Every structure is written in C-alpha cells, then in structure tokens.
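Here is a report on one protein chain.

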Amino acid sequence: MRVWGGDQSSSVTSSRRLFLLSPRRDPGVCLYSKAERKVQNSGMAVEELQAIIKRCQILEEEDFKEEDFGLFQLAGQKCLEEGYIAQVLDILENEKNKVIIRSMGWNLVGPVVRCFLCHKEEVDKREECLKMLDLLVKLCHPKELLLGLLELVEEATGNQISEVLLLLLEPLQTVIQKLHSKKAYSVGLTLSTLWSQLSLLPVPYTKEQIQKDQHGLGQCCKALVTFTRPFVEEVVKNKGHPLENSKEELKAELLKFCFKSLKYPLLTAQFIEVLEENEEDPLKSFASEIIGFILAIGDSLPKVIFQHGRKEKCWNNPDLEEEEGSQLAESMASLAYLVFVQHISIDQFPLVLSPLYLLQYNMDHIEVLLKRAEESVSSKGLELLENSLLRMEDDSLLHHYLEIRSFLTVPQRLVKVMTFCPIETMRKKGLKVLQLYIDKLDSQGKNILFRCLLKTSNHAGVEGYVIQNIKNQIDASLKRAEDRKWFTGPQLISLLDLVLVLPEGAETDLLQTSDRIMASLNLLRYLVIKDNESDNHTGLWTELKKIETNFLKPLHTGLNMSKAHYEAEIKNKKETRRESHNPNTPKNICSVMVGGEKMPDIPNMTPEMQLQVLHSALFTFDLIESVLARVEELIELKTKPTSEETSRLK
C-alpha cells in the first residue's frame with residue numbers, strides 16, 4: 001500500500017517499480033561504466049551510434065546483450081548533447097531499426113526530454129524532440145517506458161516540475177493504455193508520482209497569482225484531469241454491475257488520487273469570485289472535475305460526506321478505511337467546504353435535509369479546518385460554520401447537541417482564531433461567527449457554552465465578551481414570562497460564581513485582566529439597578545455577602561496595591577529622567593509588571609513613552625475604581641433606601 005501524503009518514500013517507490021520491471025534484463029552500473037568508457041574514447045557519437053545500430057540489426061531481439069543497451073543509451077545521449085538531433089530522429093524513424101528501438105529505445109527517453117528542456121528558444125529542435133518522444137512512446141515496450149517516464153517526473157525540480165508534467169502526461173496516458181496487465185497498479189503508481197511532484201508547487205493565493213500561474217499549477221491541474229478522465233470512464237462503463245478485480249483496483253486507485261487532490265491543492269486553494277470576463281478559476285474548475293470523478297465512480301455525495309468518521313464506513317476499499325482516520329479527514333473537510341460554501345454539486349443533496357442535520361454532520365469537518373494554523377484553511381472553517389449557522393433560526397440549536405464533542409470544541413477553536421490569528425479580518429470574522437453560534441443556541445445551551453468558555457479561554461478579552469453576553473441574556477430573560485430559568489435564580493447564581501471573582505484574589509494582575517473586571521463590574525451594576533431586593537429574580541441579593549467577600553473586597557485591595565506600585569514607578573522614572581544628564585548616575589529601569597512577571601526593558605522605548613505607559617495603567621485603575629465605587633454606592637442605596645432615593649432609582 002502506498003503512503004498517503006505528499007512525501008512518498010523512495011523504498012516504497014522502488015519496490016513498486018521492481019514489481020513492474022521485466023525480468024528479461026537489468027542493466028548494471030558496471031556495464032554502463034564500461035560502455036561509457038568506449039564512447040568517450042571514440043569521440044564520434046554519431047558513428048558510434050550507427051555502428052551499434054548496424055551490429056544489432058543482424059541480431060534477434062533476445063540476443064541483444066546488456067552492454068548493447070548501455071552503449072546505445074550513451075551514444076544516443078552524446079549525439080543529442082552535441083546537437084545531432086536530426087540524425088537521432090532519422091535513426092528512430094528508420095523502419096529497419098524498429099526492433100532495436102522497441103527493445104532499447106526507452107533508454108533514450110531521459111536524454112530526449114532533457115534535450116527538449118535545454119532548447120527553450122529553438123522551436124525546430126523542440127519539434128524534433130517531440131517527434132522522437134512520440135516515436136519512443138509508439139515503439140518501445142510500455143513497462144520499461146513507464147518507469148523511464150516516471151523517473152523523469154521525479155527528477156524534475158523547481159520551475160521544471162510543471163513543464164515536465166505537462167510534457168509527459170500525454171505520453172504516460174498512452175503508455176498505460178497499452179499495458180494489458182497490472183494496469184490499475186500502473187495508474188496508481190503514476191498518479192501517486194504525479195501528485196507527489198505537484199504538491200511541491202506553491203498554491204496561488206491572490207487573484208493576480210491565479211491569473212499569472214507562474215509555477216504552472218493551474219495548467220497542471222487541467223492536464224491532470226485530461227489524463228485521469230479515460231480511466232474514470234473505464235470504471236464508469238461497468239458501474240452498477242459487479243466489477244472485476246482489476247476494475248475494483250482501478251477504482252480504488254482513482255479514489256485515492258481524488259481524495260489526495262482534495263487535500264492538495266484544494267484544501268489551501270483560494271477561490272476568487274470575480275475574475276476577468278470569460279475567465280475561469282482553474283483550481284475551482286479542478287475541484288468541480290475531482291468531485292465529478294468521485295460521484296462517477298464512488299458513492300453518492302451525501303453518503304460520502306455524512307458517513308465519514310462514523311461506525312458504518314462508506315468505502316468498500318480497506319486501504320481508504322485504514323487511512324480515513326488521519327489524512328482523509330482533511331480531504332473530507334475540503335470536500336464539505338467545496339459543496340456547502342462553493343456549492344459545487346450541491347444539487348446532489350436532498351432538499352428535505354434540515355439545516356440542523358447539515359450542521360451536525362459538518363461540525364467534524366469544521367473542527368478539522370479550524371485546527372489548521374494556515375489562514376487559507378482556517379478561513380474555510382469559518383466560512384463553512386457561518387454558512388451552516390445562517391440556515392438556522394435563532395435559539396433553535398438545542399442544548400443536548402453540546403454533548404457532542406465537536407459542538408464544544410469548535411467554539412473553543414473560534415476563540416483561538418480570535419486571540420492568536422495575526423490577521424485582523426480573521427479575528428473579527430471569528431468573533432462574528434462565535435456570536436452567531438451563541439445566537440443559535442437555546443437558553444440552556446448558552447448557559448453551558450458560557451461556562452465552558454469562561455473556564456477554557458484564558459483570555460481576559462474573551463471572558464469580558466462572554467460576560468457581556470451573559471448580561472444580554474439576563475436582560476432578555478427578565479423581559480419575558482417564560483424560559484427564564486437559565487439566566488435567573490439558582491442557575492444564574494452558579495454562573496455568577498465564575499464571573500464575580502478574582503482568579504488570584506487581591507494579587508490578581510488587574511491590568512492584564514482589566515477587560516474581564518470591567519465587564520464583571522458592569523454586569524453587577526446592571527443587576528443591582530435592574531433587580532430589586534424585594535423581587536430578587538436573579539438571586540443576587542441572597543448572594544451579596546459572598547460577592548463582596550470574593551470579588552469587591554479583594555478588588556479594593558488589589559487596586560490599592562497596583563496604584564501604589566505604579567505611582568512609585570512614575571516617581572522613580574521622573575527622578576531618573578532628571579538625573580539622566582549626569583553620566584555618572586546609574587540608570588534605573590522601569591519595571592512594569594504584566595501577568596505577574598516583570599516586563600523586560602524595551603530598548604526603543606524612550607523615558608517619555610515609558611511614563612505614558614505607566615500613566616495609562618493608572619488611568620485604567622482609576623476607571624475600575626470609579627465603576628467599583630458606583631456599584632457599592634448603588635448597593636448601599638438599594639439595601640438602605642429612603643423613599644426619595646427609591647423613587648429616583650426607579
């Protein structure tokens with residue numbers, strides 16, 4: 001079984017090729033060395049080649065010696081290198097040499113292709129090389145010729161990869177069609193080799209890169225479709241009937257190639273909506289063709305997408321089942337994106353499928369896409385999730401779906417996009433999709449998700465955003481008569497235990513957690529204003545002592561400590577600045593604490609900039625302190641109200 005992926009080991013390739021090689025002969029290195037010495041000594045390549053041809057014309061094919069093969073190759077190669085292309089072409093076209101060419105000609109494939117690549121500006125010589133290649137494909141034994149062609153594909157590097165692929169795809173197709181045995185094996189080996197080389201080409205990202213196609217990926221994908229189509233049609237002819245073993249093997253090889261293509265280049269490919277008039281996106285066209293092949297030779301599209309990863313497999317091939325747990329997951333995620341976002345073959349899905357059903361089966365694919373760090377892949381996860389959620393009504397995603405692992409891990413992946421992605425548009429898109437996901441959950445589901453994110457996000461900004469959402473849900477619950485349970489009373493109190501608390505008490509880094517603290521104070525202020533002690537719908541007033549102990553008092557202490565520290569630093573920095581004109585005065589370093597650790601010196605930060613940072617921190621503490629004071633004032637007014645104050649609060 002071949003290795004799934006772009007890097008195919010040489011041992012695997014070698015073993016497959018040894019299996020293909022004819023046992024009649026095995027040209028050895030020592031014999032080639034002997035032949036090489038003879039050609040070099042002669043210095044007359046054309047005469048040497050003609051002499052070899054003349055000697056072999058009187059022999060039967062089975063009487064050719066291994067040394068003859070080496071001499072023929074080296075003499076032919078030297079002729080091409082010295083520019084005697086027309087003479088070699090004449091030898092190949094000579095009917096008297098047909099038997100010799102059939103047996104030995106495959107050794108000239110490499111020299112002919114290299115000659116073609118060297119003469120980029122000489123059209124006549126290139127045409128002669130193409131004629132020679134056509135003759136070799138027509139006359140030579142297909143087994144040896146296939147190996148020779150594949151070796152040339154593997155040897156190509158850099159900018160030559162696409163040129164060699166485009167040159168050799170048609171000859172490869174012709175050679176494979178001439179094979180009567182091991183055809184499926186040969187197709188699989190060829191497709192694997194082609195894909196391995198193709199995967200070395202960078203995928204174009206922008207509209208300009210797609211149009212320019214500098215590395216030839218778009219052209220290669222188009223040519224690969226043309227190469228593969230006859231073999232797909234061969235399987236399709238027998239679809240609906242029991243397939244012979246050879247056809248089953250061919251089908252399996254084709255499916256492997258299709259799913260590898262879904263991973264590369266289609267997983268990272270960007271599909272541009274607006275190109276020039278009458279211009280198509282080559283990679284989107286490739287995606288349509290690949291999905292078309294899967295539909296033609298495989299199962300229905302819904303079965304392929306929905307049964308991936310489930311107990312009942314949709315494959316009849318054990319190789320695919322074995323690989324399904326790893327690399328195939330990304331291919332399936334790519335397929336889901338192409339179908340549901342790019343709408344390729346979307347008409348294959350029954351209209352009766354509910355949006356919730358589609359979301360459920362896409363969540364695993366979404367998670368796979370969001371796991372990837374590349375923006376080109378994770379952005380597809382965002383698009384697929386957004387597309388799935390937009391089909392649903394608000395509050396329609398029932399809480400029990402959160403028992404499915406991916407329904408909790410996906411929003412956690414969104415948080416990682418929001419906090420770690422270096423691209424601002426992606427972070428904003430992640431936030432937008434997270435809010436959309438929250439909106440679709442029912443009340444209990446929102447409660448569960450908020451608890452999860454508060455415990456796992458480890459980011460003050462995200463926690464502040466979640467707390468703001470909690471406030472919105474409390475407000476909505478207090479305004480309706482039904483479905484209030486999850487954001488009032490005991491359920492709300494247990495949620496507030498996660499919100500109205502300082503993680504490390506008075507020693508909590510207030511600057512780092514300021515977003516969370518401000519959101520918590522605003523929530524508490526809202527609850528005090530909105531819920532009277534006599535009503536106590538939220539349960540706040542029965543828990544007030546605990547809130548004061550766990551949150552308000554430690555916050556007071558922490559503010560006093562933090563302000564004292566930063567005020568001392570400002571004073572120290574000002575003294576340092578006054579003394580900076582004295583070269584004998586040692587420099588004092590500003591030690592700003594973030595996350596409980598001292599920040600290292602920033603060489604490019606001037607003393608004025610450092611003072612600005614310190615003053616900004618003090619401003620944040622003052623802001624927190626002012627909101628805290630207002631909250632405590634409101635609590636005092638609510639717990640000891642006068643009639644005038646009560647009417648004013650109402």
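## Charges over rings

The charged end of R126 sits over the ring of F116, 4.0 Å from the ring centre. K471 lies over the face of Y526, at 5.0 Å from the centre of that ring. Such a contact needs NZ of Lys or CZ of Arg within 6 Å of the ring centre and within 35 degrees of the ring normal.

This is a predicted model: local features need pLDDT of at least 70, side-chain atom pairs count only at pLDDT 80 or more, and totals for chains, interfaces and linings use all residues. Residues are numbered from 1 along each chain as its sequence is written, and side-chain values use heavy atoms, with hydrogens and water left out.

## Aromatic pairs

The whole structure holds eight aromatic pairs. Rings of Phe, Tyr and Trp (its six-membered ring) pair if their centres lie within 6.5 Å; planes under 30 degrees apart count as stacked, over 60 as edge-to-face and the rest as tilted. One of the pairs is Y401 with F407: the centres are 5.6 Å apart and the planes stand at 40°, so this pair is tilted. Y401 is buried at a relative accessible area of 14%. F407 is buried too, at 0%. Buried means under 20% relative accessible area, exposed over 50%, and partly exposed in between (1.4 Å probe, protein chains only).

F450 and F487 form an edge-to-face pair, 6.0 Å centre to centre with 65° between the planes. F450 belongs to helix α23 (residues 443-456), and F487 to the loop between α24 (460-478) and α25 (489-499), so the pair ties together parts that are 37 residues apart in sequence. Both F450 and F487 are buried.

## Helices

The chain has 29 helices and two strands. Helices (H or I, at least four residues) and strands (E, at least two) are DSSP runs, numbered from the N terminus. In helix α5 (residues 85-93), the buried residues are I85, V88, L89, I91 and L92. Down the axis of α5 they fall within an arc of 160°, so they line one face of the helix. That arc is taken from the directions from the helix axis to the C-beta atoms.

Where does S331 lie? S331 is in helix α18 (residues 327-340). S331 is buried, with a relative accessible area of 0%. A polar atom of its side chain lies 2.5 Å from the backbone oxygen of F259.

## Backbone in the loops

The peptide bond from Y264 to P265 is cis, with omega near 5°. P265 sits in the loop between α14 (245-263) and α15 (282-297).

D213 has a positive phi, near 50°, though D213 is not glycine. Its place is the loop between α12 (207-212) and α13 (217-236), and D213 counts as buried at 13% relative accessibility. S345 also has a positive phi, near 60°. S345 lies in the loop between α18 and α19 (355-371) and is buried at 19%.

## Whole chain and confidence

Buried residues make up 51% of the 650 residues. Among contacts (heavy atoms within 4.5 Å) between residues at least 6 apart in sequence, 76% join residues at least 24 apart.

The average pLDDT (the predictor's confidence in each residue, from 0 to 100) is 84, and 82% of the residues score at least 70. Over residues 1-43, pLDDT stays under 50; the model has 86 contacts beyond four places in sequence for them. Over residues 309-315, pLDDT also stays under 50, with 17 such contacts. Where pLDDT is low, the predicted coordinates should not be read in detail.

Terms used
A polar contact is a pair of N or O atoms within 3.5 Å; within protein, one must be able to donate a hydrogen and the other to accept it, and residues adjacent in sequence count only if both atoms are side-chain atoms.
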